[in-house]
Amino acid sequence: MIGLILLVKRELGLALRGGTDAVMAVVFFVLAAVLFPFGVGADPAMLPRIGGGIIWVVALLAAMLSLERMFSSDHEDGSLDLLYLSPVGLGTLALAKALAHWLTTGVLLLIAAPILALLYNLPASAFGALIVSMLLGTPILSLVGGIGAALTLGARRGGVLLALLILPLYIPVLIFGAGAIDGAVAGRPIGPQLMVLSGFLLAALALAPWATAAALRQAIE
Amino acid sequence: MQGLITHKLSCIRGERAVFTGLDLEIKPGRALLLSGANGSGKSSLMRVLAGLLPSAAGHIEWEGADISADPDAHRARVAYIGHADPLKPAMTATENLRFWAQLYGLDPAIEPALYQFSIEHLADVPARYFSAGQKRRLNLARLAAGQNSTAGPALWLLDEPATGLDPGAVSMLANTILAHLSNDGIAIISTHGGRLDELIADRADHFTLQTSGSGVAG
């Protein structure tokens, strides 16, 4: 537990000083979402119908931007060897990295999402669904993304490979996340979607650090 | 006091045998200077001994017990210096060193370790402004931090530790290693010869890895 806190503090400190990475993800999130109305037309009746889906698709892509670097700098400078030799263990490391990635990416997306909801003319009744679905969904993106980041360590053009590996795994989150917002826009109950998302989150929390640790072990060899 | 013993240790990388049937014995308080041509497997041997790489055959004993029986305990007794310096450019010398000390449960008062390698004046300077030699000194200060703690690592695995160091720093490293050996520690040091070998020669044995895989004690 002390190790987890120590690792998360280190990641956050580095993210604060590294600066631009986290900000870039959220700027990309807003910019990409703003592009869609230029392409499909700014019909105030249509935008609320496609808004939830677009916000979620763009969130998936934005979360992927900073994934590639999750373990790569520690791999290159030999820190990963020492992290493996430390008493903390790779499972805790994987959890700490995912948590730090969520805090520096997912939380910022969560804060920016209501602005996009306004741009897409989402009804006030859908804001709750948007926030709760992103609160449940974005940690899954970080946890599952960690597996991909660990698997592509040391691979040439790891970034493209990472996208091919991880985007299919994000589809369930997209379906239920966007489904919750659509349901709220249409006035349907959204409990089932949110419960499925909660289930995904618990499963990812239990399984993803373990899978990431196994992939990291391979990268160290 | 049996120290570290390897029995018929083999390592295979990419379907090529790096070394096979390696028998080594290092007593507490002794250092082993490991030499050999490029590609003879010095770094692979270090990584196998650290538990970073699996061995293809054979086993490693510490104080008479096979290390695979308790890998966590083995990791706790290893201090490993590899080719790269695991430092974050954005963090200061103090922050870099303190992070590793805290993660390894060592004494978090790390100023003496910085003094030991004469980099105390760089304590608050971000590592990105360090020269290669200064980065190496900061990396080596981890050894001093472990030494100053009550339960520091007993097995030092140093893969060409003197790379980039000036003669003054090599003496500091030699003194640190000698203090470790006086404490009944073990150090395995890969080397291509140089001042460090001379400075610790009294307490060191030599072993040469042959490219074919076996080795010669000398």
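Mentor: Let's start at Lys8(B), which sits in strand E1 (residues 4–13) of chain B; strands (E, at least two residues) and helices (H or I, at least four) are DSSP runs, numbered from the N terminus. Keep in mind that this is a predicted model, where local features need pLDDT of at least 70, side-chain atom pairs count only at pLDDT 80 or more, and totals for chains, interfaces and linings use all residues. Residues are numbered from 1 along each chain as its sequence is written, while chains are lettered from A and ligands numbered from 1 in the order in which they are written.

Trainee: What phi does Lys8(B) have?

Mentor: Most residues other than glycine have a negative phi. Lys8(B) is not a glycine, yet its phi is positive, about 45 degrees.

Trainee: And is Lys8(B) buried or exposed?

Mentor: Count the other C-beta atoms, placed from the backbone, within 10 Å: 20 or more is buried, 12 or fewer exposed, and in between partly exposed. Lys8(B) has 12, so this residue is exposed. Glu160(B) also has a positive phi of about 45 degrees without being a glycine. Glu160(B) is in the loop between strand E7 (155–159) and helix H6 (167–182) of chain B, and with 19 such atoms Glu160(B) is partly exposed.

Trainee: At what angle do helix H7 and helix H9 of chain A pack?

Mentor: Two packed helices are described by the angle between their axes and the distance between the axes. H7 (residues 127–151) and H9 (residues 191–220) of chain A pack at about 20 degrees, with axes 8 Å apart. H7(A) and H9(A) are therefore roughly parallel, a label for angles under 35 degrees.

Trainee: How many residues of chain B are in contact with chain A?

Mentor: 21 residues of chain B meet 18 of chain A. On the chain B side, H3(B) supplies the largest share, 4 residues.

Technical notes:
Axes are lines fitted to C-alpha atoms, for helices over the stretch in contact, and angles run from 0 to 180 degrees between N-to-C directions. Angles under 35 degrees count as roughly parallel, over 145 as roughly antiparallel, 65 to 115 as roughly perpendicular and the rest as oblique. Two residues are in contact if their C-beta atoms, placed from the backbone, lie within 7 Å.
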